[in-house]
Structures are given as structure tokens and as C-alpha cells.
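Visitor: I am new to reading protein models. Could you show me how to look at one, feature by feature?

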Amino acid sequence: MNTLRMLNSRLQGHPYTGTIPEVDATTGLLGQGLSIAVGMAIAKKNNNDNHHVYAIVGDGEMQEGQIWEAMLQAVSYTHLRAHETSLP
């Protein structure tokens, strides 16, 4: 954590896929990350891939309409059960 918010650090600000291999996508607009995660989950389900997809969502982001739309898409398109789709 000593390099948090420092230039050229892995923790300089928004996650960057070039320096953090565990991050699959970086987003800009609030709500965009969950939409990307839902798309990844749909692709995994269609390919019979049992791996999990995680999205970190901020409290201010929860106010965005795109979050609502992404959750509706996750439940209706992928037929996920309630316990498979959750936001902390």
C-alpha cells in the first residue's frame, strides 16, 4: 500500500490491465463495469465455463440506471438464480 496513488505504481488510480494481470477490464463511466461483468458471465454460461465473474461496484455507482439494467439482464438472459447474482 506504500505506492497507493503514486505515478507508475500498480496502485496509481484506476486499475490498468497492462500492470495488473488479474484485471480483465477497466471502465470509465459509473455502472459500466457491472455491464461488462454481466457480458462476461453470459459468455461463460454459454460456453459451459463454471468460473466466477466478480465486479467491484461503488456505493455512488449503485444509483446509476446502468446498474439496474445490468442486473435485469443478468437475471433474465442468463437465467441465473437469485443466489448466483448479488451485489454486496
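**Reading the model**

Guide: Let us start with Met 40, which is partly exposed at a relative accessible area of 29%. Buried means under 20% relative accessible area, exposed means over 50%, and partly exposed lies in between (1.4 Å probe, protein chains only). This is a predicted model, in which local features need pLDDT of at least 70 and side-chain atom pairs count only at pLDDT 80 or more, while totals for chains, interfaces and linings use all residues. Residues are numbered from 1 along each chain as its sequence is written, and side-chain values use heavy atoms, with hydrogens and water left out.

Visitor: Where does Met 40 lie?

Guide: Met 40 is part of helix H1. Helices (H or I, at least four residues) and strands (E, at least two) are DSSP runs, numbered from the N terminus. The protein has two helices and zero strands.

Visitor: Which residues does Met 40 touch, leaving out those up to four places away in sequence?

Guide: A contact means heavy atoms within 4.5 Å. By that test Met 40 touches Asp 24, Ala 25 and Val 53.

Visitor: How do I read contacts for the whole protein?

Guide: Take the contacts with a separation of 6 or more: residues 24 or more positions apart account for 38% of them. As for burial, 16% of the 88 residues count as buried.

Visitor: How many salt bridges does a search of the whole structure find?

Guide: First, the idea: side chains of opposite charge can pair when their charged atoms come close. A salt bridge is a side-chain nitrogen of Lys or Arg within 4 Å of a carboxyl oxygen of Asp or Glu. The search finds one. It joins Asp 49 to Lys 44, with the closest N and O atoms 3.1 Å apart. Asp 49 counts as partly exposed because its relative accessibility is 26%, and Lys 44 is partly exposed too, at 24%.

Visitor: Which side chain makes a polar contact with the side chain of Asp 49?

Guide: That is His 51, at 2.5 Å. A polar contact is a pair of N or O atoms within 3.5 Å; within protein, one must be able to donate a hydrogen and the other to accept it, and residues adjacent in sequence count only if both atoms are side-chain atoms. His 51 is in the loop between H1 and H2, and its 60% relative accessibility makes it exposed. His 51 and Ala 41 are 10 residues apart in sequence, and their C-alpha atoms are 8.8 Å apart in space.

Visitor: What should I look for at Glu 61?

Guide: Glu 61 sits in the loop between helix H1 (32-46) and helix H2 (65-78). Lys and Arg count as positive and Asp and Glu as negative, while His and the chain ends are not counted. Glu 61 is buried yet has no salt bridge, and the nearest side chain of opposite charge, Arg 5, is 14 Å away. A polar atom of the Glu 61 side chain does lie 3.0 Å from the backbone nitrogen of Gly 58. Leaving aside neighbours within four places in sequence, Glu 61 is in contact with Leu 30, Gly 31, Gln 32, Ile 56 and Ile 67.

Visitor: What about the backbone of Arg 5: is its phi positive or negative?

Guide: Phi is positive there, about 65°, although Arg 5 is not a glycine. Arg 5 belongs to the segment before H1 and is exposed at 61% relative accessibility. Asn 48 has a positive phi as well, about 55°, and is not a glycine either. You will find Asn 48 in the loop between H1 and H2, where it is exposed with a relative accessible area of 68%.

Visitor: Which residues make the nonpolar surface patch?

Guide: Met 1, Leu 4 and Leu 11 make it, and the patch covers about 320 Å². Patches are made of residues with over 30% relative accessible area and no salt bridge: like charges are joined within 9 Å, nonpolar side chains (Val, Leu, Ile, Met, Phe, Trp, Tyr) within 5 Å. Leu 11, in the segment before H1, is partly exposed at 32% relative accessibility.

Notes: Areas by Shrake-Rupley, 256 points an atom, 1.4 Å probe, with all protein chains shown as cover.
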